[in-house]
Amino acid sequence: MQLVIWRSKIHSPEVEKIIELSGQNVYSCYQCGMCTASCPSTGNMDIPPNMIVRLIQIGMIGKVLDSRSIWVCTSCFTCFAECPKGIDIASLTEALRLYHLRRNIDHLNLSSIPHGELLELPVIAMVGALRKFTA
Amino acid sequence: MGYGVFICHCGQNIAGTIDIEKLVRKVSGIRGVTHVEDYIFMCSDPGQERIKKAIKEKNLEGIVVAACSPSLHEETFRKAAESVGLNPYLVEIANIREWSAWPHQAEPEEATMKAFKIIESTVEKLNGDKPLEPLRLEVVRRVMVIGGGIAGIQAALDVAEAGIEVILVERSPSIGGRMAQLSETFPTLDCPQCILTPKMTSVAHHPLVKLLAYSEVEEVSGSAGNFKVKVRRKPTYVDWNKCVGCGLCMEACPVELPSEFEMGLAHRKAIYIQFPQAVPNKAVIDSENCIRMKYGRGCGLCAQKCPANAITFEDNGKAEEYDVGAIIVATGLEVMDKANFAEYGAGELKDVLTGLEFERMLAPSGPTGGKVVRPSDGRVPKEVVFIQCVGSRDPENWNPYCSKICCMYTAKQALLYKHAVPGGQAYIFYIDIRADGKGYEEFIHRAMAEEGVIYLRGRVGRVYQEGDKLRVEGVDTISGLKIVIDADMVVLATAAVPSSGVEELAKKLRIQLGEGGWLKEAHLKLRPLETLTSGVFIAGAAQYPKDITDTVSQASGAAAKAVAFLSKGYVVREPLIAVVNEDICSGCGNCEEACSYQAIKVVDGKANVDESLCEGCGSCTAACPSGAVQLKNYDKRQIIKMVESIVG
Ligand SMILES: Cc1cc2nc3c(=O)[nH]c(=O)nc-3n(C[C@H](O)[C@H](O)[C@H](O)COP(=O)(O)OP(=O)(O)OC[C@H]3O[C@@H](n4cnc5c(N)ncnc54)[C@H](O)[C@@H]3O)c2cc1C
């Protein structure tokens, strides 16, 4: 795959928003991969945590916003605890989710869940799945 | 009576492979060996004590230490033996570590056998060894420093401060070297004007320093402690005693040429002062391009303007000879020409610069006054791509080595670019970031985290013109993406290479160059400031690319070495040199030709060895058809005996 980059693409409004919402300096990441190495959920992710940071660094925010990973992240904060540069990646994924939510895009379509199962689901799980407002 | 053999385990280095017990048993059977002993670290104090004790108690006539390479501890063991009265030249090293234990780890039995053979043959050598006395020669208390960059300046100052005279030889019109060309210096961002210029002035004015600018070493003879150096003072065509450095001549001169100091980004005249802070601040005429010099008449505008009547147009070049006891070589580095890199435009794309060119552009005193602009159209570049490892870490095409300084100066340049152009974006293509100095990693962090420099991990395949942009096709191997950037400017961190002409200089000094043409040290780890030619030391980037911190430390180290070398007042030389058996010598002169040190000459039909010059390399003994020249304690008969013991 080929990626053309330029300044305003790297610093697109989406990227700036994510940086603002998360309060994280993604540019201090030097790609050691500690976050991915320590993350308990990478097995279910399509993009590992270090790559989330990398893609934001080089302006590929769209790919990150479309990823499964940001919804798989449980905000356990292991990545943050381990990151040698002090980047709170959980807050970054939270910001990425917030970005969707603020635009009223639901990650989960409730009506697609069979009625029977819906009754079984704990309310907290539903709220969690919908809002992922866990950070 | 008899010989002692001392077998070192070197921790597990030797004992891990070689069966020491078996070796001791076998060695005890060698004829003439009366004492065998093994120990975990022979070089340690207790190890040496064992050797001394055995020599004394058993009255040993010679010893073999079976251990590591003689370049590491031969001297240690010789000294130990000498302290208890054994002639140090009756101490031999059998190198069973590098020659046997290390290369044969997978075959311990054979390694043990080989170690035995090495020891056995060394005992044979010992059989033929004679006690020798070291040679003693008076020294001249004066040091020559070649190269006036920061390394040469620092070394000269340190030697002079120790009260020893210095002759500082610089081939350019001014001292200062690369550092004088830099904008600001990582990691502290001091400007060279603030930290270098004062040093340039102090060295030039030091009462014990004689500065020979615009001069080159032409011939070197003699040896450690007693070198004779012929220096060629190049013609300046200007009387430097009169020139006051006012620069009016430069204003008057109509001839414009690309300035070497400004890396071609600005012009100089045919009469010029190298740069405004030059030391000495004197003008020289470029005789190849001066109208008056070329045609023998005409122009002369400079002379008309010169208020000091300093411009003579007369060839004032001359040769001078200096006696010096020690020499410090500090010839520094250059960077590869961008024309070498076809993939990056072969030097034809105007907005592709080398790192050194970009330094000049960033320099407040540089050709653009510190403004970053495109050479092609003068516009301020908004997107700048920096490419590291251009010609470095590329064993297939260029240099296998890492140029060491580029990671840091590229980060510095990207950061300074961001300061110069706040809205601009800097990208750095790198393979690894090597920031291994005090404050360096923090500096890289600053470039990334605070200045938002985008680091892309990978090389760049191609740079080419696309409209008024430079299309950069690279890769980011972290994301696995091919990266394309339409840049306004590209800066290449071209590989550092040794200064041109260092090869000829090394030949004159009889010192060696290692891989890549960098000056070779006597031992990379233990004698990094010395060369194998005694009395010749090395300092700065001439040995290998270095930043200023390391250059200055090494220069002070080399100065200390030179001072220590001269302060005894005499030099002691190894007596392991060539001797001629005049009864056999036919005076054919083969030895004279073979000798790299001009140490052996045929005089009155017989070869004659100059003891002050012979380095004991043995070339003459190999060239001699009759065996008349032999190396002391490396006699042909000894060598044959050794070989026989190995194959027999
Ligand atoms: C683009 C670039 C940026 C850099 N930025 C930094 C930085 O920010 N910080 C930092 O710490 N380091 C930096 N460096 C490294 C720094 O330039 C070197 O550490 C320093 O110049 C080495 O000093 P030196 O005296 O050994 O060699 P040089 O500075 O190369 O000086 C050698 C001198 O010897 C003279 N000479 C050469 N051959 C002969 C001869 N045969 N006879 C007589 N004289 C001779 C030359 O004319 C020159 O004056 C940078 C290097 C480059 C290329």
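How many residues does the contact take from chain B and from chain A? The contact draws 23 residues from chain B and 22 residues from chain A, where contact means heavy atoms within 4.5 Å. Before going further, please keep in mind that this is a predicted model, in which local features need pLDDT of at least 70, side-chain atom pairs count only at pLDDT 80 or more, and totals for chains, interfaces and linings use all residues. Residues are numbered from 1 along each chain as its sequence is written, chains are lettered from A and ligands numbered from 1 in the order in which they are written, and side-chain values use heavy atoms, with hydrogens and water left out.

Let us start with the overall layout. Domain bounds here come from an automatic or database domain assignment. Chain A is divided into domain 1 (9–103) and domain 2 (108–135), and the C-alpha centres of these two domains of chain A lie 24 Å apart. For chain B the assignment gives domain 1 (3–128), domain 2 (142–234 + 317–332 + 499–567), domain 3 (248–305), domain 4 (334–497) and domain 5 (578–632). Between domain 1 of chain B and domain 2 of chain B, the C-alpha centres are 40 Å apart.

Now to the place where the chains meet. The size of an interface is often given as the accessible area lost when the parts come together. Between chain B and chain A the buried area is about 1,900 Å², with carbon and sulfur atoms giving 59% of it; buried area is the accessible area (1.4 Å probe) that two parts lose on being put together, summed over both. In chain B, the residues that lose the most area to chain A are B:I478, B:L481 and B:V484, together 27% of what that side buries.

Polar links cross the interface too. The rule finds 14 residue pairs in polar contact between chain B and chain A, both residues at pLDDT 80 or more. A polar contact is a pair of N or O atoms within 3.5 Å; within protein, one must be able to donate a hydrogen and the other to accept it, and residues adjacent in sequence count only if both atoms are side-chain atoms. Across this interface there is one salt bridge, meaning a side-chain nitrogen of Lys or Arg within 4 Å of a carboxyl oxygen of Asp or Glu. B:D476 forms a salt bridge with A:R54, and their closest N and O atoms are 2.6 Å apart.

Which elements of chain B supply at least two residues each to the side that touches chain A? They are strand 20 (425–430), helix 14 (440–450), strand 21 (454–457) and strand 24 (481–487). Helices (H or I, at least four residues) and strands (E, at least two) are DSSP runs, numbered from the N terminus. Strand 24 of chain B gives the most, with six residues. Strand 24 of chain B is also joined by four bridges to strand 1 (residues 2–5) of chain A, and the two run parallel; strands pair if DSSP finds at least two bridges between them. The bridge partner of A:V4 is B:V484.

Finally, a few local details of chain B. The peptide bond from B:F186 to B:P187 is cis, with omega near -10°, and B:P187 sits in the loop between strand 7 (165–169) and helix 7 (192–195) of chain B. Another cis peptide bond joins B:V279 and B:P280, where omega is about -5°.
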